[in-house]
Amino acid sequence: MPSFKPLLVVAGVGKGGGTGAATARAFAKEGYSIALIARGADSLKSLEDELRASGVEATAFPVTSYEHVSLRSAFQAIRNRYPAQQYSLRAALYNASHWVRKPFLEITPEDIQAITETSINGGFAFAKEVISEYKNNEIDNTDGLGKRGVLIFTGATASVRGNTTTSAFAAGKFALRALSQSLAKEFGKDNIHVSHAIVDGAIVTPQGREQFNNPPIYDSQDQSLTPEGISAAYVYLAKQPRSAWTWELDLRPAHEKW
Ligand SMILES: NC(=O)c1ccc[n+]([C@@H]2O[C@H](COP(=O)([O-])OP(=O)(O)OC[C@H]3O[C@@H](n4cnc5c(N)ncnc54)[C@H](OP(=O)(O)O)[C@@H]3O)[C@@H](O)[C@H]2O)c1
């Protein structure tokens with residue numbers, strides 16, 4: 001058993017019904033304390049309350065944006081709340097995303113700005129904070145794990161394939177994938193495990209039900225992904241021993257046909 005309390009930090013929890021929140025719940029069940037970063041202070045507070053009610057040490061760190069300065073302040077607050085003498089950051093998920101689905105000629109400078117902030121600036125800033133922290137961690141050799149920590153990025157079909165209305169969204173997601181691959185190469189030698197998950201399909205979330213008018217595929221786990229299914233894969237990544245690490249996962253529902 002490790003001598004520290006493991007801590008997970010998640011950036012991007014939306015309305016509390018998607019992948020970010022499911023990952024917080026899944027790692028909490030594995031004994032992690034939880035730091036939650038997101039823009040929506042209200043839904044962040046509800047998730048914090050829910051986790052605390054089940055006995056989890058969870059704390060919300062709302063940010064106004066995913067710019068470097070905001071994320072740096074959030075990480076300083078996390079370090080104050082979860083001091084290194086007691087807690088050790090061992091898992092991190094960059095799940096934040098800004099969705100733009102428009103033909104190219106309708107894309108505005110504001111769309112590009114939002115994509116850049118969420119997928120590029122935020123991804124870089126989050127990774128810098130997490131990796132700087134991991135560099136100070138002892139290698140955890142419990143069960144032959146051999147790692148200082150795992151850093152996971154949530155991707156999408158658009159991480160590897162652009163399409164008619166995804167030029168902006170795909171550009172951001174491609175960038176995150178490139179970042180994660182480069183980090184996996186650069187920091188593997190430090191026993192820091194970096195992973196990227198291509199989520200190739202629709203994730204069933206409350207905001208998706210609202211936005212896409214409750215599509216029938218949401219009622220079938222053969223045709224759409226549950227946040228719980230994805231978070232189980234993230235727990236699996238965290239538990240992978242150093243001799244057989246996955247950089248990239250490709251997650252899709254059983255009846256995928258696109
Ligand atoms: N939903 C899908 O069908 C789908 C498919 C493939 C890949 N993905 C990717 O999977 C990750 C997780 O997505 P998720 O759908 O499961 O949701 P989630 O975990 O609840 O995360 C939602 C993320 O989207 C942001 N966001 C932007 N617009 C939003 C809105 N209108 N309502 C709520 N949140 C909004 C949130 O920011 P704050 O937390 O800062 O508020 C948060 O970063 C994202 O990186 C996404 O690109 C999603």
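A residue counts as buried under 20% relative accessible area, as exposed over 50%, and as partly exposed in between. In this predicted model, Arg252 has 35% relative accessibility and therefore counts as partly exposed. Its salt-bridge partner is Glu256, with 3.1 Å from N to O, and Glu256 is likewise partly exposed, at a relative accessible area of 25%.

**Salt bridges**

| Pair | N to O distance |
|---|---|
| Lys45 and Glu48 | 3.6 Å |
| Arg79 and Glu133 | 2.5 Å |
| Arg252 and Glu256 | 3.1 Å |

The side chains of Arg79 and Glu133 meet in a salt bridge, and this pair links distant parts of the chain, with Arg79 in helix H3 (residues 68-81) and Glu133 in helix H4 (residues 109-135), 54 residues apart. Arg79 counts as partly exposed, at 29% relative accessibility.

Lys45 and Glu48, by contrast, both belong to helix H2 (residues 41-53), and because they are 3 residues apart there, about one helical turn separates them. Glu48 is buried, with a relative accessible area of 8%, whereas Lys45 is partly exposed at 42%. Both residues take part in a network of salt bridges that also links Asp49 and Arg52.

**Strands S6 and S7**

Strand S6 (residues 192-199) pairs with S7 in the parallel sense, over 4 bridges, and within this pairing Ile198 stands opposite Asp250 of S7.

Key. Residues numbered from 1 in each chain as written. Predicted model: local features only at pLDDT ≥ 70, side-chain atom pairs only at ≥ 80, totals over all residues. Heavy atoms only, no water. Pairing = 2+ DSSP bridges. Helix = DSSP H or I, 4+ residues; strand = E, 2+ residues; numbered from the N terminus. Salt bridge = Lys/Arg side-chain N within 4 Å of Asp/Glu carboxyl O. Buried < 20%, exposed > 50% of the residue type's maximum accessible area, 1.4 Å probe, protein only.
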